[in-house]
Amino acid sequence: MGDAARVRTARRPLAGPLCLAVLVVAAATACGGGGGGKGGGTHAPSGAASTAGAAASGTPRAARMLDQRQLEQAAVGKPDLPGWSTGTQFGHGPDGVSIKVAITDVARLPKVSPAVCTALAGIAMGPVSPGHQHHALFEQSVTRDVKDGEDDSVVGDTLLAYQPADAAGVMTDLRASLKTCDSFPGGQGERYTRPVPAAAPSVGDDAVEYTITQVVSGGNDGGNDGGDDDAVDVPFRFLVVRVGATIVVLSALGFPGGRPEIPDAVVNAQVAKLAKAG
């Protein structure tokens with residue numbers, strides 16, 4: 001079995017226990033994430049939405065929690081992002097698709113071991129924050145309209161509405177987890193390792209960007225010391241941005257040995273539209 005056939009992505013916030021939805025990617029065009037934008041903290045500022053430096057100190061001014069309808073209206077759609085299409089996964093999306101949202105009670109999520117990895121595990125397998133309750137959620141994919149010779153970037157785009165203090169707490173917990181966590185198990189036998197912070201881009205009120213590696217077992221230990229000769233390392237990139245009391249999680253994955261990117265166009269369009277929503 002080739003590497004491409006074993007790439008799996010961790011997605012989906014579900015009601016009840018923290019779950020992992022497994023997507024088996026059988027071809028390069030299905031995987032995306034190799035974007036034409038700049039990653040690693042090089043995203044361009046998004047005008048009035050770019051107040052990251054002032055926001056790191058705590059709750060933003062006049063922050064308010066968006067309701068489900070307001071959150072859905074703040075999601076970027078094709079008119080906001082020419083050359084890209086969206087695919088709703090939870091909520092009523094700009095593509096006209098409606099999928100019922102069930103809000104996870106984060107207090108009932110299973111404990112993560114080691115505990116210092118709790119915030120990172122929540123983003124990787126939710127994306128949620130196990131320490132802070134969200135009250136509305138919208139999730140979609142954002143996919144480049146591919147032409148011959150162009151890349152086929154796919155970006156996960158999740159919006160979560162919090163009380164203002166909880167939104168700030170999500171970012172605090174995530175930074176602390178990045179400093180202390182080395183690795184943690186996933187929900188389907190995979191493992192997440194090597195979280196590496198990237199330079200924070202100047203978007204939103206606060207932003208954290210990092211890469212992390214998902215180690216996917218090939219199921220063959222070679223009969224020796226328990227190691228997995230067929231294990232595949234799948235690189236992920238996450239950009240978590242706070243805009244007021246809303247958290248947006250943008251994500252991309254790459255093939256083994258690749259470098260996933262989250263294109264500037266997606267970042268700036270989504271943050272700017274969310275900033276207008278208040």
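**Close-up views of salt bridges and a helix**

**View 1. Lysine 273 is partly exposed, with a relative accessible area of 24%.** This and the other views come from a predicted model. The partner of lysine 273 here is aspartate 80, and the two form a salt bridge whose closest N and O atoms are 2.8 Å apart. This pair links distant parts of the chain, 193 residues apart: lysine 273 sits in helix α6 (residues 264-277), while aspartate 80 belongs to the loop between α3 (68-73) and β3 (84-92).

**View 2. Arginine 237 and glutamate 261 meet through their side chains in a salt bridge, at 4.0 Å from N to O.** Because arginine 237 lies in strand β10 and glutamate 261 in the loop between β11 and α6, the pair ties together parts that are 24 residues apart in sequence. Are the two partners buried or exposed? Glutamate 261, at 8% relative accessibility, counts as buried, and so does arginine 237, at 3%.

**View 3. Around arginine 237, other parts of the chain come into the picture.** The strand that holds arginine 237, β10, covers residues 232-243. A polar atom of the arginine 237 side chain lies 3.0 Å from the backbone oxygen of proline 260. Another proline to look for is proline 195: its C-alpha is 9.5 Å from that of arginine 237, although 42 residues separate the two in sequence.

**View 4. Arginine 259 also forms a salt bridge with glutamate 261, with the closest N and O atoms 2.9 Å apart.** Arginine 259 is exposed, with a relative accessible area of 54%.

**View 5. Helix α5 takes in residues 164-180, 17 residues in total.** From its first C-alpha to its last, α5 reaches 25 Å, close to the 24 Å expected at 1.5 Å a residue. Its buried residues are Pro164, Ala167, Ala168, Gly169, Val170, Met171, Leu174, Ser177 and Leu178. What do the buried residues of α5 pack against? Their neighbours are α4 (118-125), β8 (191-198), β9 (206-216), β10 and β11 (246-253).

How values were computed:
Residues are numbered from 1 along each chain as its sequence is written. This is a predicted model: local features need pLDDT of at least 70, side-chain atom pairs count only at pLDDT 80 or more; totals for chains, interfaces and linings use all residues. Side-chain values use heavy atoms; hydrogens and water are left out. Helices (H or I, at least four residues) and strands (E, at least two) are DSSP runs, numbered from the N terminus. A polar contact is a pair of N or O atoms within 3.5 Å; within protein, one must be able to donate a hydrogen and the other to accept it, and residues adjacent in sequence count only if both atoms are side-chain atoms. The expected span of a helix is 1.5 Å times one less than its number of residues. Buried means under 20% relative accessible area, exposed over 50%, partly exposed in between (1.4 Å probe, protein chains only). Contact means heavy atoms within 4.5 Å.
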